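Have the structure open and try each one before reading on.

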Amino acid sequence: MQFEKITKQFSFYIPYYLLSLLALLCLKLFYSRAGADNLTWILTPTTGWVSILSGIPFTYAPGEGYVNHSLRFIIAPSCCGIRFLGITAAMLIFSFLHRTGCGSPGRSIRWILGSLGFSYLFTIFVNGLRILLSIYIPLGLSGAGIYIRWLTPERLHTLIGTAVYFSSLLILYRAVSLICLGKPSAFSRPPFVRSCLSPVFWYFFIVLGLPALNSSYAESRGRFSEYAALISAACLILLLLYGTIHLLIIFPQKIKRTFGFDGIIKSRYRKKRNH
C-alpha cells in the first residue's frame with residue numbers, strides 16, 4: 001500500500017521534473033553560445049551589486065563585459081554565474097518539489113517558477129560577493145607581500161569561487177529545509193551526511209561531472225584532473241568546517257534534552273545547595 005502511494009506520487013511529478021530539466025538544458029545551451037551582449041540581463045545587475053559593495057566603477061565594453069582599467073579587472077561572460085544559477089535551481093527543484101508540491105499542479109508550477117526566479121536573484125547576490133573577494137584577496141596578499149609558490153592566480157580564483165559557491169549551497173539547502181519543511185527537533189534532525197547529499201551531488205555533478213563527459217576535456221585531461229582535485233580538496237575542507245559547526249549546534253541541544261535544560265553542572269550545583 002505504501003509502495004503504491006510512493007509510486008503514484010513519483011509518477012505525478014515526472015512531467016514537472018522533465019519540464020524543469022528541459023528548462024535547465026535550454027539555459028545551458030544558451031550560455032554555451034552566448035556572448036557578453038547576450039548576457040547583460042545577469043552581467044549588469046551583478047556588476048551593479050559589486051559596485052554598490054565596493055564603490056568600484058565599471059565600464060561596459062561591447063562583446064567583452066564590464067571592465068575596470070585601473071584594476072585591470074573584467075567581469076566577463078565566464079564570470080556571470082550562469083552555472084551556479086543552474087546548480088541552485090536544480091537543487092531547489094529536484095530536492096524540494098516532491099516535498100512541497102503536495103500533489104497540486106498549481107503549487108508545483110509555482111515552486112518551479114519561484115525556484116528559477118530565486119536562483120537568479122541568489123546568483124547575483126552570491127556572485128557579487130565572489131567577485132568582490134576575487135578583487136580584494138589578491139590585492140591584499142600582494143600588498144602584504146605574501147607569496148605562495150603553488151597558489152597561482154588561476155588556482156586562487158578557483159579556490160575563492162569554490163569556497164563562496166559551495167558554502168552558499170550548503171547554507172541555502174539548510175535554510176530552505178527549515179523554512180519549507182518545518183523546524184525539526186534536535187533528535188529528529190536528519191544526519192549530517194544526509195543533509196549535505198543534495199548540495200554535494202548537484203555541485204559536483206554540474207561542475208565536474210558534466211565537463212568530464214565533454215570530449216573537449218580529453219585534450220587537457222591533466223589540467224582538468226588538477227582542477228577537479230583542487231575543487232574536491234576545497235569542498236572537503238568546507239564540509240569539515242560545516243560538520244564542526246553542525247556538531248557544535250546539535251550536540252549541546254542533545255545534552256540539554258538528556259540532562260535537563262540547565263545541564264549537568266548546574267543541576268549538581270542546585271542539588272548541593274538544596275542539601
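**Exercise 1.** At what angle do the axes of helix α2 and helix α4 cross, and how are the two oriented?

*Solution.* Start with the axes: those of α2 (residues 40–54) and α4 (residues 105–143) come within 9 Å and cross at roughly 55°. Axes here are lines fitted to C-alpha atoms, for helices over the stretch in contact, with angles from 0 to 180 degrees between N-to-C directions. Helices are DSSP runs of H or I with at least four residues, and strands are E runs of at least two, numbered from the N terminus.

The model is predicted: local features need pLDDT of at least 70 and side-chain atom pairs 80 or more, while totals for chains, interfaces and linings use all residues. Residues are numbered from 1 along each chain as its sequence is written, and side-chain values use heavy atoms, without hydrogens and water.

**Exercise 2.** Which residues of α2 meet α4?

*Solution.* With contact meaning heavy atoms within 4.5 Å, α2 contributes W41, I42, P45, T46, W49, V50, L53 and S54. Their partners in α4 include Y120, F125 and Y136.

**Exercise 3.** What is the strand order in the open sheet?

*Solution.* The order is β1-β2-β3, with antiparallel pairing (strands pair if DSSP finds at least two bridges between them). β1 (59–61) and β3 (73–75) each have a single partner strand, so one side of each lacks a neighbour in the sheet. Finally, α2 lies across β1, β2 and β3, at about 30° to β2.
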